[in-house]
Amino acid sequence: MSSIQILRLASKLGLTPEQEQDFVAAMQAGDRARSALVITPQAPEGYVPPLPADKTPRDWGHPSILALPAGETEARPGSLPDYERGYYYPLDLSSVWETAPLAHLPFRPERCLDLCAAPGGKSILAQTRVAPRVHISNEVHPKRLGILRHNLLRCGFMGLYTQRLRPDQWAELAPGSFDLILADAPCSGQSLLAKGIPNPGCFNPSVTGGNAKRQRGILLAAVRCLAPGGHLLYTTCTYAPEENERNILYLLKRCPDLRTVPVPELEPFRSALAREACYRLMPFHGAGAGGFTCLLRREGEPSPLPPLPDELLAWPIQAMNR
Ligand SMILES: C[S@@+](CC[C@H](N)C(=O)[O-])C[C@H]1O[C@@H](n2cnc3c(N)ncnc32)[C@H](O)[C@@H]1O
């Protein structure tokens, strides 16, 4: 990985000179991974995981989500028996931060579509934070769909549905049918470097540009599935502006009935690259390797959602699948 590429990226992110230096140092150190545990419905009441966890949730956290102290990523929560029992689901602390805007939904969602769901972290976070009544976790990649179903089943998220459709197919089959959509889009994954995970090519303009194009397709399809008054949460784990703020600005231009939703507890993370309510977690913030989040609302009065074709609800997570 070339320092010149990191410096060039740092100069595009709207950072102060000190922050630029911190960013470059974090990317070179590759030591910013932070983990969190989501306590699942499978856990016994009052369950405390056998790992050191921060007792006080951040103001963007949640009581059922425990951050592990820096350095505890090596504790390998995925290798303990309670993991196999499904009592907790380990994920990046950055993912927890990315879902903080869900705390600002004005009502419990009736129907949620997680368009890019595997291996399941955002679906599990959405269930934990806002418990949508009907929830479809969708994953286009067949192998990853299997991992997603396995994770949801192990952790006791019974009654969630899974599907394997492309976003454009969703837009055809279920227009205006969801009051919450999660688009945790495939991206160039530049934040992997801050975790010490090699990611060759992640600065290459053809890679970030290709991802931005795919993300715009996913976002446009997501908006078609969104009911009036519904919310769309867009998240990535990359820093490239073309995959983040620029996609939001593109979407707002194409869809005049969309508005970004301000998230007061994320104000310290507000992006300097757009006037809209876009938020960036950077590796120097001390909450993991980084990410981007933006909550959008489609204007209009919420009304009863149209019925969903039965075949879209064909694959529930059920105990007998075990
Ligand atoms: C960032 S990952 C999702 C992580 C997941 N939300 C979680 O929190 O565990 C992006 C997912 O999008 C899927 N994907 C790739 N191309 C896609 C496309 N064109 N449309 C929808 N999903 C796609 C990938 O297979 C991958 O599982």
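In α8, the residues Ala212, Gln215, Arg216, Leu219, Leu220 and Val223 meet Arg246, Asn247, Tyr250, Leu251 and Arg254 of α9, where contact means heavy atoms within 4.5 Å and helices are DSSP runs (H or I, at least four residues, with strands as E, at least two) numbered from the N terminus. This contact of α8 with α9 divides into six nonpolar, two polar and three charged residues, with Ala, Val, Leu, Ile, Met, Phe, Trp, Tyr, Cys and Pro counted as nonpolar, Asp, Glu, Lys and Arg as charged, and the others, Gly among them, as polar. The model is predicted, with local features needing pLDDT of at least 70 and side-chain atom pairs counting only at pLDDT 80 or more, while totals for chains, interfaces and linings use all residues. Residues are numbered from 1 along each chain as its sequence is written, and side-chain values use heavy atoms, with hydrogens and water left out.

The axes of α8 and α9 (residues 245-254) come within 10 Å and cross at roughly 40 degrees, the axes being lines fitted to C-alpha atoms over the stretch in contact, with angles from 0 to 180 degrees between N-to-C directions. That makes α8 oblique to α9, because angles under 35 degrees count as roughly parallel, over 145 as roughly antiparallel, 65 to 115 as roughly perpendicular and the rest as oblique.

Helix α8 (205-225) also supplies at least two residues to the lining of the largest pocket, as do β3 (88-92), α4 (93-98), α5 (121-130) and α7 (167-173). A pocket is an open set of points on a 1 Å grid over the protein atoms alone, with protein on both sides within 12 Å along at least five of seven lines, whereas a cavity is a set where a 1.4 Å probe fits but cannot get out; lining residues have an atom within 4 Å of a point. The largest pocket holds about 1200 Å³ of space, and among its 48 lining residues Ala118, Pro119, Arg144, Asp184 and Cys237 lie nearest its centre. Its lining comprises 22 nonpolar, 14 polar and 12 charged residues.

For the second largest pocket, the volume is about 210 Å³, and α1 gives the most to its lining, with three residues.

Finally, one cavity of 30 Å³ or more is found in a search of the whole structure, and Thr99, Lys122, Leu182, Leu233 and Thr235 line the largest cavity.

Notes
Grid points are joined across faces, edges and corners, and a volume is the space filled by probe spheres set on the points.
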